[in-house]
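The sequence and the structure are shown first.

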Amino acid sequence: MGALPVFRWRLAPDGYATRRQLRALGLRPGGQDVAAQLERPRRRRGPLVAYLYRVDLAVPVRPMTPARRVALAAANRARRVCPVCRRDAGYVIPTSLGACVPCADADPHGSDGSTR
């Protein structure tokens with residue numbers, strides 16, 4: 001495979017799309033290789049790069065089956081359970097905290113949080 005064609009930001013020809021643009025059209029790359037890339041120049045850093053796929057080679061997204069829906073719900077439910085207190089936090093627990101907010105904010109020395 002040769003070098004990829006490179007287009008400036010917002011100047012890609014018709015027939016190319018990013019993954020998000022394909023998804024908005026109800027399509028997915030379907031195993032095709034990256035066809036081109038967009039580059040957006042930035043000051044003091046390397047350019048932002050977006051990979052493009054050919055729309056004519058894209059295939060429809062797979063439909064959501066009942067089994068996939070159940071598996072996705074179970075995975076999302078698991079992301080809401082705090083590994084420390086084992087309770088459903090009511091939100092997806094941030095990986096930066098690793099626990100629900102009350103458990104993450106708890107003083108490691110065991111204080112109850114009072115100021116006395």
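In this predicted model, the secondary structure of the protein chain consists of three helices and six strands. Followed along the sequence, these elements occur in the pattern β-β-α-β-β-β-β-α-α.

Four of the strands form an open sheet, arranged in the order S1-S4-S5-S2 with mixed pairing. The edges of this sheet are taken by strand S1 (6-8) and strand S2 (16-17); each has a single partner strand, so one side of each is left without a neighbour in the sheet. In general, the strands of a sheet pair through backbone hydrogen bonds, in either a parallel or an antiparallel sense. Strand S4, residues 36-42, and strand S5, residues 45-54, pair in the antiparallel sense, over six bridges. Within this part of the sheet, Leu 38 has Ala 50 in S5 as its bridge partner.

The chain as a whole may be considered next. It has 116 residues, of which 16% count as buried. The protein chain exposes about 9,300 Å², and carbon and sulfur atoms supply 53% of that area. Of the contacts between residues at least 6 apart in sequence, 49% join residues at least 24 apart.

Finally, a search of the whole structure finds two salt bridges. One joins Arg 54 to Asp 56, with the closest N and O atoms 2.7 Å apart. Arg 54 is partly exposed, at a relative accessible area of 34%, whereas Asp 56 counts as exposed at 55%. Another salt bridge links Asp 88 with Arg 80, where the closest N and O atoms are 3.2 Å apart. Asp 88 counts as partly exposed, at 47% relative accessibility, and Arg 80 is partly exposed, at 29%.

Note on methods. Residues numbered from 1 in each chain as written. Predicted model: local features only at pLDDT ≥ 70, side-chain atom pairs only at ≥ 80, totals over all residues. Heavy atoms only, no water. Pairing = 2+ DSSP bridges. Helix = DSSP H or I, 4+ residues; strand = E, 2+ residues; numbered from the N terminus. Buried < 20%, exposed > 50% of the residue type's maximum accessible area, 1.4 Å probe, protein only. Contact = heavy atoms within 4.5 Å. Areas by Shrake-Rupley, 256 points an atom, 1.4 Å probe, with all protein chains shown as cover. Salt bridge = Lys/Arg side-chain N within 4 Å of Asp/Glu carboxyl O.
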